[in-house]
Amino acid sequence: MVTDRSTAGDAVDAVDAVVEEPTNDPLAGEESTDVEATSGIDETGPTGSGTTADTATGTGLEPAVAGALSYLLGPITGVLFYVSEPEDAFVRFHAVQSTLVFGGLFVASMVLSVVLTLASFVPGVGWIAAAVLGIGSLLLTPVAFLAWAFLMYEAYQGEEYAVPLVGSYARRYAAVGE
């Protein structure tokens with residue numbers, strides 16, 4: 001290490017300018033650098049968060065954030081993130097799962113509405129079938145909301161929670177092409 005002093009006989013200056021000097025240690029067989037002072041910015045970046053551009057996805061978001069946002073509007077954001085993330089398998093997994101789960105719930109809701117309407121026209125027992133299907137339809141909404149909140153939370157935590165029956169398809173379609 002070399003320090004630069006403005007005058008050679010004076011007492012130690014209040015501020016020393018530190019110059020990095022590589023030292024070759026023949027016993028260690030490698031080159032090292034001695035550093036005494038830093039500029040106040042650590043190697044992880046100015047905020048010290050440790051995030052770099054390598055951890056960002058194709059959209060510029062962290063993978064956990066992009067995975068969580070793929071559930072935000074169900075199949076709409078699922079398809080958007082699936083298309084915009086060709087290299088990140090984590091985000092693609094959550095995008096495919098979002099599309100399959102919430103697209104499937106949307107289709108199930110539409111089918112249930114049509115069946116409910118048709119069942120109400122059946123004479124005699126139609127009103128009973130319509131009441132049972134109506135209760136099932138009412139339960140579908142809070143279950144879908146809980147699944148939505150849970151899957152967003154799991155994705156934000158960096159977990160790849162696979163929904164039963166859908167998770168295996170999501171893994172298959174989320175694989176990054178070689």
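Good morning. First, the ground rules. The model is predicted, so local features need pLDDT of at least 70, side-chain atom pairs count only at pLDDT 80 or more, and totals for chains, interfaces and linings use all residues. Residues are numbered from 1 along each chain as its sequence is written, and side-chain values use heavy atoms, with hydrogens and water left out.

Now the overview. The protein chain has five helices and four strands. Both kinds of element are DSSP runs, numbered from the N terminus: helices are H or I with at least four residues, strands are E with at least two. What order do the elements run in, from the N terminus on? The order is β-β-β-β-α-α-α-α-α.

Next, burial. Of the 178 residues in the protein chain, 23% are buried. Buried means under 20% relative accessible area, exposed means over 50%, and partly exposed lies in between, with a 1.4 Å probe and protein chains only. The accessible surface of the chain is about 12,000 Å², and 66% of that belongs to carbon and sulfur atoms. Those areas come from the Shrake-Rupley method with a 1.4 Å probe; for residues, only the protein chains shown count as cover.

Then contacts. A contact means heavy atoms within 4.5 Å. Take the contacts between residues at least 6 apart in sequence: 53% join residues at least 24 apart.

On to helix packing. Two packed helices are described by the angle between their axes and the distance between the axes. The axes are lines fitted to C-alpha atoms, for helices over the stretch in contact, and angles run from 0 to 180 degrees between N-to-C directions.

Start with H3, residues 89-120, and H4, residues 126-156. They pack at about 170 degrees, with axes 9 Å apart. H3 and H4 are therefore roughly antiparallel. The cut-offs: under 35 degrees is roughly parallel, over 145 roughly antiparallel, 65 to 115 roughly perpendicular, and the rest oblique. Their crossing is left-handed. That word applies if the near helix is turned anticlockwise from the far one by less than a right angle; clockwise gives right-handed. What residues make up the contact of H3 with H4? There are 17 nonpolar, eight polar and no charged residues. Here Ala, Val, Leu, Ile, Met, Phe, Trp, Tyr, Cys and Pro count as nonpolar, Asp, Glu, Lys and Arg as charged, and the others, Gly among them, as polar.

H3 passes H5 in a right-handed crossing. Among the residues that meet are Phe-93, Val-96 and Gln-97 in H3, and Tyr-169 and Ala-170 in H5. The contact divides into eight nonpolar, two polar and two charged residues.

Now zoom in on Gln-97, in helix H3. Is Gln-97 buried or exposed? At 0% relative accessibility, Gln-97 counts as buried. Leaving aside neighbours within four places in sequence, its contacts include Tyr-71, Leu-151, Tyr-161 and Ala-170.

Two residues show links across the sequence. Met-152 lies in helix H4. At 18% relative accessibility, Met-152 counts as buried. Met-152 and Ser-70 are 82 residues apart in sequence, but 8.1 Å apart in space, C-alpha to C-alpha. Beyond four places in sequence, Met-152 is in contact with Ala-68, Tyr-71 and Leu-72.

Ala-64 lies in helix H1, residues 63-69. Its C-alpha atom is 6.5 Å from that of Gln-157, 93 residues apart along the chain. Again leaving aside neighbours within four places, Ala-64 is in contact with Phe-90, Ala-155, Tyr-156 and Gly-158.

Last stop, Leu-165. Where is Leu-165 placed? Leu-165 is in the loop between H4 and helix H5, 167-174. Its phi is near 75 degrees, a positive value in a residue other than glycine. Leu-165 is exposed, with a relative accessible area of 77%.

That's the tour. Thank you.
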